[in-house]
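Please read this briefing alongside the sequence and the coordinates.

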Amino acid sequence: MTTILITGANRGIGFELARAALEKGWTVYGSARTQGKAHDMAASLPGLKALVFDVCNRAEIAEGSRRVDGPLDILINNAGIIGPDRQSTLDMDFDGFAETLAVNTLAPLAIAQAFLPALRRARTGRILTVSSQMSWMGYGASDRIAYRASKAAVNKVMQGLATDLQADGIPVALIDPGWVRTDMGGKAADLEPAEVARGILKVAENLSLTHTGKFFKWTGDERAF
Ligand code: NDP
């Protein structure tokens with residue numbers, strides 16, 4: 001039986017990931033940042049085991065990790081934010097930029113570290129972090145630069161973690177979900193979260209050391225950093 005943890009599972013892509021994993025009959029842990037949100041999430045997703053932590057709060061993450069006492073096969077770092085209203089290189093809300101880095105870049109690493117003992121307990125531990133096509137270094141797009149930078153940085157961090165966990169046999173990879181109709185993606189986005197979630201789960205399920213350190217589209221195709 002596969003056990004999975006999805007962060008930010010109370011709405012958006014994370015919610016659909018949790019729903020799809022429950023439909024597969026897996027043991028599913030989903031995190032939300034408050035008790036109230038966790039309660040609503042658990043009520044909407046029967047069978048889900050709710051964890052409560054803000055992804056930027058190391059003490060709360062540690063408490064959450066103590067609740068997972070068995071093996072953890074898959075960690076999906078999904079929680080993320082788009083960043084502050086003012087995030088141009090010429091007019092930057094620096095506190096908002098720092099928060100964006102904290103949520104999108106630092107938190108996935110802190111969560112991976114905290115749940116590493118549980119991932120090691122499963123002989124098939126895997127880590128997948130949701131990045132974005134907006135991280136791509138191949139062009140000079142400058143809108144939402146705090147968000148772009150935070151996702152480019154998490155790509156580098158996870159590539160490094162992949163190198164460092166290779167000897168433990170734990171694959172670490174990144175996923176680009178495309179443009180998805182969620183609160184973040186907006187109504188004009190071209191992909192349904194449920195469809196994308198099924199694709200991401202398939203990638204997570206099939207992750208092996210041959211994929212470690214790589215960046216995939218939600219369809220499973222490898223893509224450029
Ligand atoms: P949503 O805004 O719909 O959901 C974001 C989720 O992250 C919510 O559950 C939110 O919780 C959680 N979250 C944010 N900050 C924190 C925090 N500090 N602590 C705990 N939870 C937190 O976004 P999506 O579902 O669209 O995005 C999911 C992931 O996909 C993100 O990493 C995003 O960057 C990425 N992505 C999305 C795209 C899209 O088109 N939608 C495109 C490319 C990448 P809460 O309800 O408490 O705020």
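**Aromatic pairs and overall build**

In this predicted model, a search of the whole structure finds three aromatic pairs. One of them joins F53 and F115, whose ring centres lie 6.3 Å apart with the planes at 35°, so the pair counts as tilted. Because F53 sits in the loop between β3 (49–52) and α3 (58–66) while F115 belongs to helix α4 (residues 94–121), the pair ties together parts that are 62 residues apart in sequence.

*Surroundings of the pair*
- F53 has a relative accessibility of 1% and therefore counts as buried, the cut-off being under 20%.
- F115, at a relative accessibility of 1%, likewise counts as buried.

*Fold and dimensions*
- The chain contains six helices and nine strands.
- The radius of gyration of the chain is 16 Å, which agrees with the value near 17 Å that a compact globule of 225 residues would have.
- Taken along the principal axes, the box filled by the C-alpha atoms is roughly 50 × 40 × 35 Å.
- Where contacts join residues at least 6 apart in sequence, 65% of them link residues at least 24 apart.

*Burial, surface and charge*
- Of the 225 residues in the chain, 48% count as buried.
- The chain has an accessible surface of about 10600 Å², and carbon and sulfur atoms account for 51% of that area.
- There are 25 positive and 24 negative side chains in the chain, and the centres of these two sets lie 4 Å apart.

Note on methods: Residues are numbered from 1 along each chain as its sequence is written. This is a predicted model: local features need pLDDT of at least 70, side-chain atom pairs count only at pLDDT 80 or more; totals for chains, interfaces and linings use all residues. Side-chain values use heavy atoms; hydrogens and water are left out. Helices (H or I, at least four residues) and strands (E, at least two) are DSSP runs, numbered from the N terminus. The radius of gyration is taken over C-alpha atoms; the globule rule is 2.2 Å times the number of residues to the power 0.38. Buried means under 20% relative accessible area, exposed over 50%, partly exposed in between (1.4 Å probe, protein chains only). Contact means heavy atoms within 4.5 Å. Accessible areas come from the Shrake-Rupley method with a 1.4 Å probe; for residues, only the protein chains shown count as cover. Lys and Arg count as positive and Asp and Glu as negative; His and the chain ends are not counted. The place of a charge is taken as NZ of Lys, CZ of Arg, CG of Asp or CD of Glu. Rings of Phe, Tyr and Trp (its six-membered ring) pair if their centres lie within 6.5 Å; planes under 30 degrees apart count as stacked, over 60 as edge-to-face and the rest as tilted.
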